[in-house]
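Please walk through this structure one element at a time. Begin with a helix, then turn to a sheet.

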Amino acid sequence: MKIRMTDAMATKRLKTPIGELRLAANEEGLVAVLFPIDEQDLPVAQGTALARAHLADASTALQEYFAGKRMAFEGVKLAPSGTEFQQQVWQALSRIPFGQTVTYAHIASRIGRPTAVRAVGLANGQNPLPIIVPCHRVIGSNGALTGFGGGLPTKKWLLEFEGALTAGG
């Protein structure tokens with residue numbers, strides 16, 4: 001996922017237990033959460049007051065999540081850029097409860113496209129707002145942890161943190 005920076009965008013770095021996340025927001029809401037392993041450059045940008053407010057809300061929500069005080073991200077204004085199909089997948093991801101996992105096939109069925117399992121996987125992988133739009137909660141049909149933009153160790157950490165996996169497996 002490539003973030004196209006504009007003058008209105010604000011960015012921030014946030015220290016977390018999984019490393020330093022980089023956040024970007026515009027006047028419509030949060031547009032990106034980048035993991036430490038993401039090589040994309042995200043320049044420091046002040047943006048508009050509204051973009052900074054969205055960024056502050058998202059930052060606070062993520063801090064609460066990592067402190068164990070938040071299980072969902074209602075109230076955080078999101079503005080992910082993607083196709084209509086991707087948006088459908090991301091909305092379905094947002095409805096996966098904290099501490100639970102589902103399969104790609106489950107998401108495909110949930111959006112009314114039961115044969116689109118691979119396309120769901122691709123849309124999941126293009127999610128610009130990981131953690132907040134919890135793509136880490138999607139696993140393979142055999143229960144295996146599958147690809148994740150933050151790396152499989154990070155996916156495993158997040159699922160263990162939420163209680164969806166026990167340590168070691």
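**A helix and a sheet**

The face of α4 turned away from its buried side carries Arg 118, Leu 122 and Gly 125, which are exposed (over 50% relative accessible area, 1.4 Å probe, protein chains only; buried is under 20%, partly exposed in between). This is a predicted model, where local features need pLDDT of at least 70, side-chain atom pairs count only at pLDDT 80 or more, and totals for chains, interfaces and linings use all residues. Residues are numbered from 1 along each chain as its sequence is written, and side-chain values use heavy atoms, with hydrogens and water left out.

Helix α4 spans residues 117–125, and its buried residues are Val 120, Ala 123 and Asn 124. They sit on the same side of α4 because they cover an arc of only 105° around the axis, taken from the directions from the helix axis to the C-beta atoms. Their cover includes α2 (84–94), α3 (104–110) and β5 (138–139). Helices (H or I, at least four residues) and strands (E, at least two) are DSSP runs, numbered from the N terminus.

Now the sheet. Three strands form an open sheet in the order β1-β2-β3, with antiparallel pairing; strands pair if DSSP finds at least two bridges between them. β1 (10–16) and β3 (29–34) are the edges, each with a single partner strand, so one side of each has no neighbour in the sheet. Strand β2 (residues 19–26) is joined to β3 by five bridges. Arg 22 stands opposite Leu 34 in β3.

Helix α1 (residues 49–66) packs on this sheet and touches β1, β2 and β3; contact means heavy atoms within 4.5 Å.

Key
Axes fitted to C-alpha atoms, helices over the stretch in contact; angles between N-to-C directions.
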